[in-house]
Amino acid sequence: MEKKPFVTLEQVEEIVKDYPTPFHIYDEKAFMENARKVNEAFAWNKGFREYFAVKAEPNPFIIKLLKEAGCGVDCSSYTELMIADKLGFRDDEIMFSSNDTPEGEFKYANDLGGIINLDDITHIEFLEEECGIPETVSCRYNPGGVYEVCNGIMDNPGDAKFGMTYHQMVEAFNILKEKGVKNFGIHAFLASNTVTNEYYPMLARDIFKLAVELQYQCGVHIGFVNLSGGVGIPYSPDQEPNDIMEIGEGVRKAYEEILTPAGMGDVAIYTEMGRFMMGPYGALITKAIHEKHIYREYIGVDATAANLMRPAIYDSYHHITVLGKENEKANHVYDVVGSLCENNDKFAVDRRLPKIDMGDYLYIHDTGAHGFAMGYNYNGRLRSAELLLREDGSVELIRRAETPDDYFATFDFSDILK
């Protein structure tokens, strides 16, 4: 089975005349259609909003387009809040979910009117000292243990640093109520990159039950439940993609079975699906520049883990297409590698691909979320440009490639390198 690229060899050959490889490119038509489908899947809930996770793709050009599609933003740092601020997001269009939060960030989020999602009960005092307690506050829940779907372990919240225990949630809600909070939210992220339509509905049932219990025990108004992220994408071509319509329907059934009978039919549903929103609609384009024949067969490309970190740190699979050779037999086995002085700088290991010649362009799939965003500058390697394939077929630069001047900019206080 083969994944289909959204650009052809002929398109790339034209693009590189202006923007040399490596670069990330994003498919505007596809991700905007996906955003509209997400809104359609949850249209049954009047208060629904997708808060795009800025961490997944912190490019203001893309975030502005998603804003036009009705998305809010999920921010986790001061600079992510700055992006939201500059793009005109305000009030409940902003969800600020941070942990181990530095001084000043709660205040900035509060100044923008954003919803603050507390990761820990001790942050209540920290928030109050920073900016006072707003009338709307959310708390992040961690049930501990492992999280299973259909007898398969999806993730292990008990090992995660995020969120509060059940008893801390009760205590936090009581403290916040005493401090004047009128509208409460519950946030939970229990599994990452799930490729099953059952995760969100199962999570929703658990959090809806928690919402009913907290409203009863604490006598508070639960205004929203934030299911966060975790809805994944099929990185491997043999995986079936999630069906967001089926997922939305599963959440609706849980809502009507648990919240509606409890008199909580006004609870809004929020999501933060950065990976699902953008992941499949980005690609890293890189060129084969060297080959090496020792104990393994290596193809060296002009991209590195500095451009796409996931395979190096997670051993994650990203499918690769050799552009122009889509119909040729995958009868060669390669490690596809970058130039960093680290042996984990590999995009693929023992990957069956068509014969790769020097100058071939490789299309690395599914880099639209947590791809460019995780880049870094080890070995002095510079981060690539980002391009947008517009709906009319034109290509727009939405972030220029870094230059050595950018790399050395933090020494501008001194003449040491002059």
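Val-395 belongs to strand 19 (residues 395-399); helices (H or I, at least four residues) and strands (E, at least two) are DSSP runs, numbered from the N terminus. With a relative accessibility of 29%, Val-395 counts as partly exposed. On the scale used here, buried means under 20% relative accessible area, exposed over 50%, and partly exposed in between (1.4 Å probe, protein chains only). Val-395 and Arg-275 are separated by 120 residues in sequence and by 23 Å in space, C-alpha to C-alpha.

A word on the model before going further. This is a predicted model, in which local features need pLDDT of at least 70 and side-chain atom pairs count only at pLDDT 80 or more, while totals for chains, interfaces and linings use all residues. Residues are numbered from 1 along each chain as its sequence is written, and side-chain values use heavy atoms, with hydrogens and water left out.

Which residues have the most contacts inside the largest nonpolar core? They are Phe-31, Phe-173, Ile-186, Tyr-200 and Phe-208, in a core of 85 residues. A nonpolar core is a set of buried Ala, Val, Leu, Ile, Met, Phe, Trp, Tyr and Cys residues joined through side-chain atoms within 4.5 Å. Helix 8 gives the most to this core, with ten residues. Beyond its neighbours within four places in sequence, Phe-31 is in contact with Tyr-26, Ile-62, Leu-65, Leu-66, Met-277, Met-278, Tyr-281 and Leu-388.

Helix 8 has 20 residues, and its first and last C-alpha atoms are 28 Å apart, close to the 28 Å expected at 1.5 Å a residue. That expected span is 1.5 Å times one less than the number of residues. Among the buried residues of helix 8 are Tyr-200, Phe-208, Leu-214 and Cys-218. After the helix comes Gly-219, with a positive phi near 65 degrees.

## Helix 9 and what covers it

At its start, a side-chain oxygen of Asp-243 comes to within 3.0 Å of the backbone nitrogen of Met-245.

The buried residues of helix 9 include Ile-247, Val-251, Arg-252 and Tyr-255. Their cover includes helix 2 (28-41), helix 8 (199-218), strand 11 (268-271) and helix 10 (274-278).

## Strand 13 between two partners

Why is strand 13 (residues 297-301) described as largely enclosed by the rest of the structure? Because four of its five residues are buried. Strand 13 runs antiparallel to strand 12 (residues 282-293), joined by five bridges; two strands pair if DSSP finds at least two bridges between them. The two form a hairpin with three residues between them, and Ala-288 has Val-301 as its bridge partner.

Strand 13 also pairs with strand 15 (residues 332-337), here in the parallel sense, over three bridges. In that pairing, Gly-300 stands opposite Val-337.

## Cysteines

A search of the whole structure finds zero disulfides, a disulfide being a pair of cysteine sulfur atoms within 2.5 Å. For Cys-131, the nearest cysteine sulfur is that of Cys-139, 14 Å away. Cys-131 is partly exposed at 23% relative accessible area, whereas Cys-139 is buried at 0%. The closest cysteine sulfur to that of Cys-139 is in Cys-218, 9.8 Å away and too far for a bond.

The loop between strand 4 (94-97) and helix 5 (105-111) holds Ser-98, which is buried at 5% relative accessibility. A polar contact of 2.8 Å joins the side chains of Ser-98 and Thr-101; the term covers a pair of N or O atoms within 3.5 Å, where within protein one must be able to donate a hydrogen and the other to accept it, and residues adjacent in sequence count only if both atoms are side-chain atoms. Asp-100 lies in the loop between strand 4 and helix 5; its phi is positive, near 50 degrees, and Asp-100 is exposed at 65%.

His-370, in the loop between strand 17 (361-364) and strand 18 (385-389), has a positive phi near 60 degrees and is buried at 17%. Finally, a cis peptide bond joins Thr-21 and Pro-22, with omega about -5 degrees; Pro-22 sits in the loop between helix 1 (9-15) and strand 1 (23-27).

Key:
Contact means heavy atoms within 4.5 Å.
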